[in-house]
Amino acid sequence: MTAVELPGAVAAPRPPDEDLALDVRDLRMRYGAVDVLHGVDLTARRGEVVALLGPNGAGKTTTIEILEGFRLPSAGTVRVLGVDPAHGDERWRARLGVVLQSWRDHGKWRVRDLLAHLGDFYAPYATDRIPRPWPVDELLATVGLTAHAGSRVARLSGGQRRRLDVAVGIVGRPELLFLDEPTVGFDPAARREFHELVHRLADLDETTIVLTTHDLAEAEKLADRILILAGGRIIADGSPDQLARRVAGDAEVRWTRDGERYVHATADATAFLRDLLREHGDRVRELEVRRASLEDAYLTLVHEEETGIRTGRAERVWQQEETR
Ligand SMILES: Nc1ncnc2c1ncn2[C@@H]1O[C@H](COP(=O)(O)OP(=O)(O)OP(=O)(O)O)[C@@H](O)[C@H]1O
């Protein structure tokens, strides 16, 4: 199956390579006799936040590990900050930040000492534009760990450890940051603070961010672009809004009138509502308009890929009752 074709996205000229923090073409990965990636194409511009979504086992971690230079691909062209990760040197590595799923080392270290120690690695790679490392006190405040600066890592709660993981990932002020399921274990306040941090890194520091998550609401909040990996390929590439509209252009309008419930699917909700209210005015109650969500889009696209059956919006069945 080919990637979803989005209006405007197909014909758009590709940006020049120097604008691309990531440029991956026809990436293939085979484990033994099993092909996991069948020709993945993906790009990310500098300062862009890209969410890589896909079902369990789709190959997200494999893809990210190849981009990080931890795993060699079977075939394909990969450029990360202009460099082939297979040949990335220390200077290149210092420009990347990685927040892995479970980082459980250094239990005896105190938080401040650990960040200062890891930060020292980045000092030789400071540039006029990017001072490295991030000053520890500022970094602690940024990730909300100031009160725990003197605590031993082993004594931190799960959520505090995750904040430390993030601090470790960004202490070198990376130009490209990989976040693997970054907010697992965060309470709602920590999650919101983390989302603000991601926006700040992308908007103020022009950090390119690639994140994997199974939390579609999080992807929708954070990502400029969503890539869906399924069946070893990128099957969709677009903004959350573009993907939702691509899958189901119709809006669902619900209301009650004289105690009866009505549901109607329409491509032009505004015109429909205008007519509805003109005709029935004050008798219309509990009016709701719902568009397909990113979750609807994701589930439909992955289902189509896995079954080979294209359902699309035409066969989308709304619970249709008498309409007016
Ligand atoms: N070292 C390995 N050797 C053999 N097979 C592997 C190896 N690593 C991963 N795989 C297989 O490759 C496929 C993709 O795995 P991967 O971890 O990249 O998926 P994922 O999309 O990150 O999944 P999840 O959402 O569950 O984290 C899976 O079928 C997995 O079993």
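This is a predicted model: local features need pLDDT of at least 70, side-chain atom pairs count only at pLDDT 80 or more; totals for chains, interfaces and linings use all residues.
Strand 5, residues 96-99, and strand 6, residues 176-180, pair in the parallel sense, over four bridges. Strand 6 also has a partner in strand 7, residues 208-212: these two run parallel and are joined by five bridges. One example is Leu 176, whose bridge partner in strand 7 is Thr 208.

How does the chain get from strand 6 to strand 7? Strand 6, helix 6 (residues 188-204) and strand 7 make a right-handed β-α-β unit.

Now, is strand 6 covered or open? It is mostly covered, with five of its five residues buried. In a regular strand, side chains alternate between the two faces of the sheet. Here Leu 176, Phe 178 and Asp 180 point one way, Leu 177 and Leu 179 point the other way, and all of them are buried.

Next, Ala 51, which lies in strand 3, residues 49-53. Why is Ala 51 called buried? Because 25 other C-beta atoms lie within 10 Å of its own, and the cut-off for buried is 20 or more. Leaving out residues up to four places away in sequence, Ala 51 touches Leu 211, Thr 213, Ala 219, Leu 222, Ala 223 and Ile 226. As for Glu 220, that residue is 169 residues from Ala 51 along the chain, and their C-alpha atoms are separated by 8.7 Å.

On to the ligand. The residues surrounding it include Tyr 31, Val 36 and Asn 56, and also Lys 60, Thr 61 and Thr 62. Which element gives the largest share of this shell? Helix 1, residues 60-68, does, with three residues. By type, the shell has three nonpolar residues, six polar and one charged.

Last, some backbone details. Arg 132 and Pro 133 are joined by a cis peptide bond, with omega at about -5 degrees. Pro 133 sits in the loop between helix 3 and helix 4.

Asp 26 is not a glycine, yet its phi is positive, about 50 degrees. Asp 26 is in strand 1, residues 20-31, and is partly exposed because 14 other C-beta atoms lie within 10 Å. Asp 258 is likewise not a glycine and has a positive phi of about 50 degrees. Asp 258 is placed in the loop between strand 10 and strand 11, and it counts as exposed because it has 8 C-beta neighbours inside 10 Å.

Note on methods. Residues are numbered from 1 along each chain as its sequence is written. A residue is near a molecule or strand if its C-beta atom, placed from the backbone, lies within 6 Å of it. Ala, Val, Leu, Ile, Met, Phe, Trp, Tyr, Cys and Pro count as nonpolar, Asp, Glu, Lys and Arg as charged, and the others, Gly among them, as polar. A residue is buried if 20 or more other C-beta atoms lie within 10 Å of its own, exposed if 12 or fewer, and partly exposed in between; C-beta atoms are placed from the backbone. Two residues are in contact if their C-beta atoms, placed from the backbone, lie within 7 Å. Two strands pair if DSSP finds at least two bridges between them. A crossover is right-handed if, with the strands pointing away from the viewer, the path from the first strand over the helix to the second runs clockwise.
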